[in-house]
Every structure is written in structure tokens, then in C-alpha cells.
Amino acid sequence: MSETTKNLPATGEERRQADGAVARAETEPKQLDELHTEFGDTTIAEAVVQKIAGIAAREVPGVYAMGNIARRTLNNLTQRIPGGQPNVTGGVAVQKGERETAIDVSIVVEYGAQIVEVSQEIRENVIRAVETGTGLKVVSVDVDVTDVHLPEDDAEPAKGSGDDELA
């Protein structure tokens with residue numbers, strides 16, 4: 001009976017399985033890098049990239065704050081809650097793939113800082129920190145300057161007269 005089965009033509013499913021085995025054998029081997037080794041893969045969450053990029057952007061002189069006014073207000077409120085921690089991801093958005101990432105950073109610059117130079121330093125610092133820290137290739141760092149912090153913004157308004165605050 002075994003000789004008879006050897007002479008029978010293969011079924012459609014048997015041909016598909018044989019074709020699949022040949023196709024798998026012909027595919028190129030897995031591309032190896034720092035995150036993908038012969039012993040396994042490393043995946044990195046977007047939040048990790050956000051934190052590293054946020055810290056790196058804050059280190060640049062001329063950066064007063066991160067994010068837009070709404071984000072900064074929310075961060076200030078959450079920091080006042082007992083046990084609240086500073087949010088280092090505010091003002092940072094990340095699009096991450098398996099091997100690459102693109103990062104958007106929103107900042108407020110100090111008055112007098114040269115925006116072009118601050119933006120370039122942010123790009124360099126974020127790229128260096130993320131690529132060194134994660135092994136991901138940073139394909140772009142877009143910097144959105146949302147405001148300029150003026151020295152007089154630090155002066156608190158006079159307290160006691162509610163009319164001054166409405167003006």
C-alpha cells in the first residue's frame with residue numbers, strides 16, 4: 001500500500017504545504033541588530049522613548065518649559081497632588097516602529113534664546129539620548145515652539161484687588 005501512495009499525485013493542500021516550506025527556506029534570514037538578536041527580540045514601549053526624549057529636551061539651555069499652555073497647566077495641577085510625580089513626557093509625542101522612531105517636541109523658549117540654535121541642540125540631544133538609550137534609529141525630531149517665556153511672566157500679580165486680575 002505504501003508503494004501505491006508514493007505514486008499518487010499530491011493533493012492541493014500537500015502542494016501548498018510543500019510550496020510554503022520551499023518559500024520559508026528561500027526567505028532571507030532574520031535581520032539582526034541591537035534589538036533583534038539570534039537569541040530573541042527586545043521591544044521598547046513608546047512611553048520609554050517619550051521619557052528619554054523629554055529629559056533630553058529639558059537639558060538644553062534656553063528651554064523654559066515643555067508643551068503648550070494646556071499641557072503645562074495640567075502638569076502643574078498634577079504635581080500639587082500629594083504623591084504626584086513630575087511628568088517628563090509632557091510636550092513629547094512619539095511614533096515608533098520596530099526599529100525606528102519619529103519624535104515631536106513642543107517647547108516654550110526663554111526670551112533672548114536663539115530659537116534655531118535651541119531647536120538644533122534639542123534635535124542633537126534627543127537623537128543621541130534615544131539612539132544610545134534604546135538602540136532605535138531616530139528618523140526625525142520635529143520641534144514646535146509654542147511660546148516665549150518673558151522675564152516679567154515670573155512676577156506674580158498683586159494680590160488683594162480682584163479688579164486688577166480682571167483687567
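What we are looking at is a predicted model, in which local features need pLDDT of at least 70 and side-chain atom pairs count only at pLDDT 80 or more, while totals for chains, interfaces and linings use all residues. Residues are numbered from 1 along each chain as its sequence is written, and side-chain values use heavy atoms, with hydrogens and water left out.

Now the overall layout. The protein has six helices and six strands. Both are DSSP runs numbered from the N terminus, helices being H or I over at least four residues and strands being E over at least two. Along the sequence, the order is α-α-β-β-α-β-α-β-β-α-β-α. There are 167 residues, and 25% of them count as buried. Buried means under 20% relative accessible area, exposed means over 50%, and partly exposed lies in between, with a 1.4 Å probe and protein chains only.

How much of the contact in the protein joins residues at least 24 apart? Among contacts between residues at least 6 apart in sequence, the share is 73%. A contact here means heavy atoms within 4.5 Å.

Back to the strands. Which way do strand 5 and strand 6 run? Strand 6 covers residues 137-149, and the two strands run parallel, joined by 11 bridges. For two strands to pair, DSSP must find at least two bridges between them.

Strand 5, residues 100-110, is also joined to strand 4. That pairing is antiparallel and has five bridges. The two strands form a hairpin, with three residues between them. Two pairs can be picked out on the model: alanine 93 stands opposite aspartate 104 in strand 5, and glutamine 95 has alanine 102 in strand 5 as its bridge partner.

Strand 3, residues 63-66, pairs with strand 5 as well, in the antiparallel sense and over three bridges. There, methionine 66 has isoleucine 107 of strand 5 as its bridge partner.

Why is strand 5 described as largely enclosed by the rest of the structure? Because eight of its 11 residues are buried.

Leaving aside neighbours within four places in sequence, valine 109 is in contact with Gly62, Tyr64, Ile115, Val118, Val145, Asp147, Val148 and His149. Take Val145 from that list: valine 109 and valine 145 are 36 residues apart along the chain, and their C-alpha atoms are separated by 7.1 Å.

Next, the helices. Two packed helices are described by the angle between their axes and the distance between the axes. Helix 3, residues 46-58, packs with helix 5, residues 115-134, at an angle of about 140°, and the axes are 8 Å apart. That makes helix 3 oblique to helix 5. The axes are lines fitted to C-alpha atoms over the stretch in contact, and angles run from 0 to 180 degrees between N-to-C directions. Under 35 degrees counts as roughly parallel, over 145 as roughly antiparallel, 65 to 115 as roughly perpendicular, and the rest as oblique.

Which residues make the contact? Helix 3 contributes Val49, Ile52, Ala53, Ala56 and Ala57, and helix 5 contributes Ile122, Asn125, Val126, Ala129, Val130 and Thr134. Of the residues in this contact, nine are nonpolar, two are polar and none is charged.

Alanine 53 belongs to helix 3. Is alanine 53 buried or exposed? Alanine 53 is buried, since its relative accessible area is 0%. Not counting residues up to four places away in sequence, alanine 53 touches Val92, Ile103, Val126 and Val130. From alanine 53 to arginine 128, 75 residues along the chain, the C-alpha atoms are separated by 9.5 Å.

On helix 5 there is also glutamine 120. At 39% relative accessibility, glutamine 120 counts as partly exposed. Between glutamine 120 and valine 143 there are 8.8 Å in space, C-alpha to C-alpha, and the two are 23 residues apart in sequence.

Where is threonine 89? Threonine 89 is in the loop between helix 4 (69-80) and strand 4 (92-96). With a relative accessible area of 19%, threonine 89 is buried. Not counting residues up to four places away in sequence, threonine 89 touches Ala47, Gln50 and Lys51.

Key:
Ala, Val, Leu, Ile, Met, Phe, Trp, Tyr, Cys and Pro count as nonpolar, Asp, Glu, Lys and Arg as charged, and the others, Gly among them, as polar.
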